[in-house]
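Please look over the following entry before reading the notes below. They are meant for a colleague who is meeting this structure for the first time.

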Amino acid sequence: MQFALTEEQEMLVETVRRFVEEELYPHEAQVERTDEVPDDLAAEIKKKAMELGLYAANMPVELGGGGLDAVGIALLERELGRANYGLQMVVARPSNILQGCRGAQRERWLLPAIRGERVDCLAMTEPGAGSDVRSMKTKAVRRHDARLGDSYVINGQKHFISHADKADFIILFAVTGTEETKRGPRNQISGFLVDKDTPGLTIRPGPHALSHRGYHNCELYFDDCVIPADQLLGEEGKGFDLMSEWLGATRLTVAATSVGRARRVMDETLAWAGQRKQFGQSISQFQGISFPLADLAVELEAADLLTLRAAWLLDQGKATDADFAMAKLAASEMLGKLTDRAIQTFGGMGLMDTLPIAGWWKDARVERIWDGTSEIQRLIIARQMLRPHEGR
């Protein structure tokens, strides 16, 4: 088994880490204070990211992207994950689901997103449909007009839609029908591409979130919002197939981001413990400080390996949903425990806004919720474990 990174992968890590430290870290205090990434700053970061080939690094080379494989993307996300989320998301990685675009859709949405001309956001979650995506109520009803042709009329609401305030278009999932199953009727979900300025669509700021200053969630309202039928993404009623094909690995992004942030938190905590003195010695000499950090160092390395393993399996075409779930579960839970331990190690200073520790603690909390809660990850893992034994 080979655990070492290749020379090319090492260069990628070094390039991204230097970019994060030189181009993102210097602006973190401002964004943390104002909860905004100024447009001129975003444009500057975007330009430098493009010059380094980091923009749209997840997209195929033949489409104009960086062409990184899954392991490369995990390494990229791990390093970007060290920085403030609002800043690092300026280095856009367009949603992989856009690769499902066909025909004219590619010229209108996919390629401009790769070139940095347009920004996408993903809209699935609703007030009554979080982990249970199929229970969404936003509907898209197909209609035919002899003069205007085929279209969809969309009505409903989405919330917790990240980055919608900065997006130019929305990758929307809505109900387009029902199907009969052994458990009764079930919603059929379809994907759509909806431009931000479409009449009938209203985007409003969502509730202020505890986590990730500068990266906002929004609420989307569709009131007889009409789009042409050719803005259907993929086949009608096959939205879950699209998600399975293109979105499954998004949990790897959360895992890699959590590992990257955890390494930064660990480095800062160890430095503090080494220089902070109490009772005539550095607090790192006390087992009450060092032993919990040692345990978390083990969990951090395990989460890193699980993440890279899942990415490698994805590149080999062998990854399962449980592989992604294990990586996300391990990494996000570890980050939560580590940031809490960091505050305990820093003591009172850990809660002061003069240091970034409390901010990292707040940021860590959402990683166990979005892209599937820890409970959902456990459900995915358990199902795969138990499936071979069912019916015996």
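How many of the eleven residues of helix α11 (residues 357–367) are buried?

1. Helix α11 is mostly covered, with eight of its eleven residues buried, where buried means under 20% relative accessible area, exposed over 50% and partly exposed in between, using a 1.4 Å probe and protein chains only. The buried residues are Ile357, Ala358, Gly359, Trp360, Asp363, Ala364, Val366 and Glu367, and they pack against α8 (250–275) and α10 (321–346), a contact being heavy atoms within 4.5 Å.

2. On the basis of these notes: this is a predicted model, in which local features need pLDDT of at least 70 and side-chain atom pairs count only at pLDDT 80 or more, while totals for chains, interfaces and linings use all residues. Residues are numbered from 1 along each chain as its sequence is written, and side-chain values use heavy atoms, with hydrogens and water left out.

3. The protein contains twelve helices and ten strands, which are DSSP runs numbered from the N terminus (helices being H or I with at least four residues, strands E with at least two). Its radius of gyration is 22 Å, which agrees with the value near 21 Å that a compact globule of 392 residues would have; the radius is taken over C-alpha atoms, and the globule rule is 2.2 Å times the number of residues to the power 0.38. Along the principal axes, the C-alpha atoms fill a box of roughly 85 × 60 × 40 Å.

4. Of the 392 residues, 48% are buried. Where contacts join residues at least 6 apart in sequence, 73% of them link residues at least 24 apart.

5. Thr307 lies in helix α9 (residues 287–315) and counts as buried because its relative accessibility is 2%. Leaving aside residues up to four places away in sequence, Thr307 touches Leu252, Ala255, Ala256, Val259 and Ala327.

6. A disulfide is a covalent bond between the sulfur atoms of two cysteines. Here a disulfide is taken as a pair of cysteine sulfur atoms within 2.5 Å, and by this rule the count is zero. The sulfur of Cys121 has its closest cysteine sulfur in Cys218, 7.8 Å away and so too far for a bond, while for Cys225 the closest cysteine sulfur is that of Cys121, at 13 Å, which is also too far. Cys121 counts as buried at 3% relative accessibility, and Cys225 counts as buried at 0%.
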